[in-house]
Amino acid sequence: MIKKFFALLLTSFFAFSLLACAYIPPSPIPSESEAGPETQEKETSAPSETGADTQAPDTADEIKKGVHIMIDAGHGEIDPGAVVKYDGVTYKEKDINLSVALFLRDELALRGYTPSLIRENDESLLHGRDNIEEIKARRTLAVEKETDLYISLHCNSFDGAARAYGPIVFYREKVDYKAKVFAQTLKDSVTEGMKGYPDTRECRMTRDDDYAVLKTESMPTLLLEMGFLTDESDARQLFDAEWQRTLARAIADGIDTLYDKKYID
């Protein structure tokens with residue numbers, strides 16, 4: 001009986017050993033970190049749900065960098081523009097225009113735009129008193145540089161009995177409706193940006209199709225009369241460097257709005 005039991009036990013042991021040797025365990029599934037290059041590439045190169053490759057849109061900084069803004073400081077050299085005298089000191093429009101233009105150039109550059117100046121000093125393009133030819137030369141330069149926006153900075157004057165004061169934006173709408181959008185946006189930004197100066201009147205907007213500087217057909221163009229030199233309150237602000245800097249920021253805010261809200265593409 002005992003012999004039969006041991007024989008049966010020995011037979012079962014040999015059968016189990018044969019089964020163990022024949023068994024091959026399945027290969028483990030590699031983890032994501034252990035997967036080879038081929039596996040990872042297949043996972044990352046899968047098409048999107050829409051079936052199209054996705055591409056990140058241009059950033060706001062990239063868009064602004066591609067925007068070329070021409071800043072025209074009105075008058076220059078032997079053409080002084082309006083000239084006034086207060087407290088024995090003579091002030092010339094051309095100097096104020098240039099000062100604001102320089103502030104505006106720096107402000108726009110800080111915000112990522114590509115600004116250019118018609119003049120960076122007291123020299124005009126043609127060095128003469130023929131204003132019409134000078135203005136034509138400035139428009140031509142803006143076209144050659146493939147300008148996206150053109151803004152001409154001036155100071156106003158008035159010799160009538162009534163008081164005339166405050167900034168005014170002039171635009172021409174015969175060619176491009178975008179000029180009106182630019183004007184409205186700039187009007188609003190100047191009004192908002194100059195609220196810290198209670199003596200600065202709310203900015204106004206006027207269409208004028210006859211101003212020579214506005215007769216550009218390839219870009220939205222504005223003429224900003226920043227204030228009246230013939231009004232003493234306006235004039236004292238126009239002479240003030242901090243006021244000029246604040247105005248430059250307000251103008252840049254308007255240009256930001258144009259592109260941030262895609263009023264102009």
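Let me start with helix H8, which lies across strands S1, S5 and S8 and runs at about 150 degrees to S5. Contact here means heavy atoms within 4.5 Å. Axes are lines fitted to C-alpha atoms, for helices over the stretch in contact, and angles run from 0 to 180 degrees between N-to-C directions. Helices (H or I, at least four residues) and strands (E, at least two) are DSSP runs, numbered from the N terminus.

A word on the source. This is a predicted model, in which local features need pLDDT of at least 70 and side-chain atom pairs count only at pLDDT 80 or more, while totals for chains, interfaces and linings use all residues. Residues are numbered from 1 along each chain as its sequence is written, and side-chain values use heavy atoms, with hydrogens and water left out.

Now the sheet. It is open, has 6 strands in the order S4-S1-S5-S8-S6-S7, and its pairing is mixed. Two strands pair if DSSP finds at least two bridges between them. At the edges are S4 (114-117) and S7 (204-207), each pairing on one side only. On average, neighbouring strands are turned by 25 degrees against each other, direction ignored.

Next, strand S8, residues 221-228. Is S8 mostly covered or mostly open? Mostly covered: 8 of its 8 residues are buried, meaning under 20% relative accessible area with a 1.4 Å probe, protein chains only. With S5 (residues 149-156), S8 pairs in the parallel sense over 6 bridges, and Asn-156 has Phe-228 as its bridge partner in S8. With S6 (residues 168-171), the pairing is antiparallel, over 4 bridges; here Tyr-171 is partnered by Leu-222 in S8.

Further along, S1 (residues 68-73) and S4 run parallel, joined by 4 bridges. His-68 stands opposite Thr-114 in S4.

Back to H8, residues 241-260, and its neighbour H4, residues 93-110: their axes come within 8 Å and cross at roughly 50 degrees. The two helices are therefore oblique to each other, the term for angles that are not under 35 degrees (roughly parallel), over 145 (roughly antiparallel) or 65 to 115 (roughly perpendicular). Which residues of H4 meet H8? Among them are Ile-96, Phe-103 and Leu-108, and the H8 side includes Leu-247, Ile-251 and Ile-255.

Methods:
Buried means under 20% relative accessible area, exposed over 50%, partly exposed in between (1.4 Å probe, protein chains only).
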